Amino acid sequence: MAGKFELYKDAAGEFRFRLKAANGEIVLSSEGYSSKAGAMNGIDSTKENAASADMYESSETAAGKHRFVLKAKNHQVIGQSQSYESASGRDNGIGAVGRAADGATVDDQT
């Protein structure tokens with residue numbers, strides 16, 4: 001089920017986006033971009049790459065939490081997840097990104 005991208009400007013003046021699942025939960029948060037066009041390119045890249053399992057890099061923090069990042073074809077990080085208690089929770093989060101990005105709309109809050 002499609003989610004939505006929220007495009008916003010943070011306190012430092014950078015453009016960011018977050019991908020929300022249909023239930024409103026944030027499943028991916030972007031890095032900061034200096035321009036709105038850069039953030040929109042990040043959204044397009046998320047839509048393009050979210051369905052491909054090869055584009056995710058999973059990791060474990062020093063505290064034993066599980067995370068992932070979504071990368072573009074040029075290996076740049078597009079966005080990152082929250083921390084999950086388990087690897088299975090992280091893997092479910094990856095699936096949620098793929099489902100949410102497919103057909104997601106953009107809510108421009110800038």
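Trainee: How many helices and strands make up the secondary structure of the protein chain?

Mentor: The protein chain has two helices and seven strands, where helices (H or I, at least four residues) and strands (E, at least two) are DSSP runs numbered from the N terminus. This is a predicted model, in which local features need pLDDT of at least 70 and side-chain atom pairs count only at pLDDT 80 or more, while totals for chains, interfaces and linings use all residues. Residues are numbered from 1 along each chain as its sequence is written, and side-chain values use heavy atoms, with hydrogens and water left out.

Trainee: In what order do the elements of the protein chain run?

Mentor: Starting at the N terminus, the order is β-β-β-α-β-β-β-α-β.

Trainee: Why is the protein chain called as compact as a globular protein of that length?

Mentor: The radius of gyration, taken over C-alpha atoms, is set against the globule rule, which is 2.2 Å times the number of residues to the power 0.38. For 110 residues the rule gives 13 Å, and the radius of gyration of the protein chain is 13 Å, close to that value, so the chain is as compact as a globular protein of that length. Along the principal axes, the C-alpha atoms fill a box of roughly 35 × 30 × 25 Å.

Trainee: What share of the residues of the protein chain count as buried?

Mentor: Of the 110 residues, 41% count as buried, a term that means under 20% relative accessible area, whereas exposed means over 50% and partly exposed lies in between (1.4 Å probe, protein chains only).

Trainee: What makes a set of residues a nonpolar core, and which residues touch the most other members of the largest one here?

Mentor: A nonpolar core is a set of buried Ala, Val, Leu, Ile, Met, Phe, Trp, Tyr and Cys residues joined through side-chain atoms within 4.5 Å. The largest such core has 25 residues, of which Phe5, Leu19, Val27, Tyr56, Phe68 and Val97 touch the most other members. At least two residues of this core come from each of strand E1 (4–9), strand E2 (15–20), strand E3 (26–30), helix H1 (36–49), strand E5 (66–71) and helix H2 (87–101), and H2 supplies the largest share, five residues. In soluble globular proteins, nonpolar side chains tend to be buried together.

Trainee: Why is Ala39 called buried?

Mentor: Ala39, which lies in helix H1, has 0% relative accessibility and therefore counts as buried. Leaving aside neighbours within four places in sequence, Ala39 is in contact with Leu7, Phe15, Phe17 and Tyr33, contact meaning heavy atoms within 4.5 Å.

Trainee: Why does Glu31 count as partly exposed?

Mentor: Glu31 lies in the loop between E3 and H1, and its relative accessibility is 34%, so Glu31 counts as partly exposed. Apart from neighbours within four places in sequence, Glu31 is in contact with Phe15, Arg16, Val77, Ile78 and Gln80.

Trainee: How do you know that Asp91 counts as partly exposed?

Mentor: Asp91, found in helix H2, has a relative accessibility of 41%, and therefore counts as partly exposed. The C-alpha atoms of Asp91 and Arg67, 24 residues apart along the chain, are separated by 9.0 Å.

Trainee: What makes Ser52 partly exposed?

Mentor: Ser52 sits in the loop between H1 and strand E4 (56–60), and its relative accessible area is 28%, so Ser52 is partly exposed.

Trainee: Why does His75 count as exposed, and what is the value of its phi?

Mentor: His75 has 62% relative accessibility and therefore counts as exposed; its place is in the loop between E5 and strand E6 (77–80). Phi of His75 is near 75 degrees, a positive value in a residue other than glycine. Most residues other than glycine have a negative phi.
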